[in-house]
Structures are given as C-alpha cells and as structure tokens.
Amino acid sequence: SGLGIGIHPESIPMHTFARFMFLALLNYYPDLAYEVGLRAMRLPILEDHEDADDPVNGNVSSLVLSRYPRWFTLGHIETQQCALASTMLSAAKGEVMRLRTVLESAQRHIHSSSHLFKLAQDAFRFATPETGPRHPTLLSVAFELGLQVMRMTLSSLNWRRREMVRWLVTCATEVGVEALVSIMQNWYQLFTPTEATGTSII
C-alpha cells in the first residue's frame, strides 16, 4: 500500500486520507507528516501494473479499473493525488529541501499532464500571493513543473496546450531572465515550430 505495511494495497481513497493525516500532523510532527504524504503520493494502479494502456494520458485498461469500485474513476484518484501534492507544496514553500523532495515525488508519481499543469498553476499561485512576500524557490518549482508538462504534451494532443504555452511564458517571465533564456535556447524540446513562431519571446 502507498500508506505502508498493514494498510490494504487497494485502500480507497488513499490520497484523501493521507492529505487529512498530513494536515493533522504537520504542526506537531512535521517529519512524520511529510513521510506519510510522500509515501501516499504513489499511484499503485499505474505503477504496479504493466497492462496500463497509456499511463501518461491517463488511459488504463478495463482489467485494471475493474479491480476498483464502479463509482471510482482514475481521474478522481489523480485529482486527489494532485490535491495532496498541492497541499505539501504550499506547506513546504519556506523549506528548500522539503520543496525539492515534494517536487521530485510529484514529477515521479503524477502521470497526467493535466494534473501536473494544475499543480504547476497551484505552485505559481502560492508563490505569487496578491499580498505578502513572494516565494522565489516555489516559483522555480512551478516553472520546473511547467517544463515537464510542455515536454509531456509536445507530441501528444491536449486541448489545453495553447493555454499551457502561454502560462509557461508568463511563469518564466516571473522567474526571471535565466528562465526566459532557458526556454529560448531549448525551445525545440518544449514547443512545436508553429508554437515557437507564435511565442513573442522566441
């Protein structure tokens, strides 16, 4: 199980419960809170089965899904997984090492480009509050997530692709000159030629 020994491997909804545990433990036992949250970030339905049709785009064979209750869908599981990651990113915004650990976990275990994009947007929002100080490290995390989304969707169809392109440029602008230079130098890994010619900074 993603929650550890003694918990049934098909416990549902694991991520919702882990998010509750994370928030309950955070102020008292932060190390334990992150241990629970990071362990629960795993998505066994995609990681433990080789008969998934297309894990990146969230298409899983009916054989795998048949092992879960009929009312449960993969999209909902991934939404809860994304919510858990978002909660941990927000909590870790002032701690560089924890932020990096949560980022790496999200990059490894979130297989849906749409949910990674949602997480990137959340991180950007947390990093640039309307009032209060900005969080440059969290802003960089948002940018890294955005880069991964662009690479994941470069050769696949995604109806939000145009929005993703605009968002990445906006995020890079907020991060600074180095981020803008990076996407200009590596545009072919992130954009199609048509997208690149339509992006004003390239």
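**Exercise 1. Is T87 buried or exposed, and where does T87 lie?**

*Solution.* Start with the surface. T87 is buried because its relative accessible area is 13%, and buried means under 20%, exposed over 50% and partly exposed in between, with a 1.4 Å probe and protein chains only. A word on the model: it is predicted, so local features need pLDDT of at least 70 and side-chain atom pairs count only at pLDDT 80 or more, while totals for chains, interfaces and linings use all residues. Residues are numbered from 1 along each chain as its sequence is written, and side-chain values use heavy atoms, with hydrogens and water left out.

Next, find the element. T87 sits in helix 5, residues 74–91. Helices (H or I, at least four residues) and strands (E, at least two) are DSSP runs, numbered from the N terminus.

**Exercise 2. Which residues is T87 in contact with, leaving aside its neighbours within four places in sequence?**

*Solution.* Contact means heavy atoms within 4.5 Å. With those neighbours left aside, T87 touches R19, F22 and L23.

Now look at R19. The side chains of T87 and R19 are joined by a polar contact of 2.7 Å. Such a contact is a pair of N or O atoms within 3.5 Å; within protein, one must be able to donate a hydrogen and the other to accept it, and residues adjacent in sequence count only if both atoms are side-chain atoms.

**Exercise 3. At roughly what angle do the axes of helix 2 and helix 5 cross, and which residues make the contact?**

*Solution.* Take the axes to begin with. Those of helix 2 (residues 30–40) and helix 5 come within 10 Å and cross at roughly 145 degrees. Axes are lines fitted to C-alpha atoms, for helices over the stretch in contact, with angles from 0 to 180 degrees between N-to-C directions.

Then list the residues. Helix 2 brings Y34, G37, L38 and A40, and helix 5 brings L84, M88 and A91. Sorted by type, six are nonpolar, one is polar and none is charged. Here Ala, Val, Leu, Ile, Met, Phe, Trp, Tyr, Cys and Pro count as nonpolar, Asp, Glu, Lys and Arg as charged, and the others, Gly among them, as polar.
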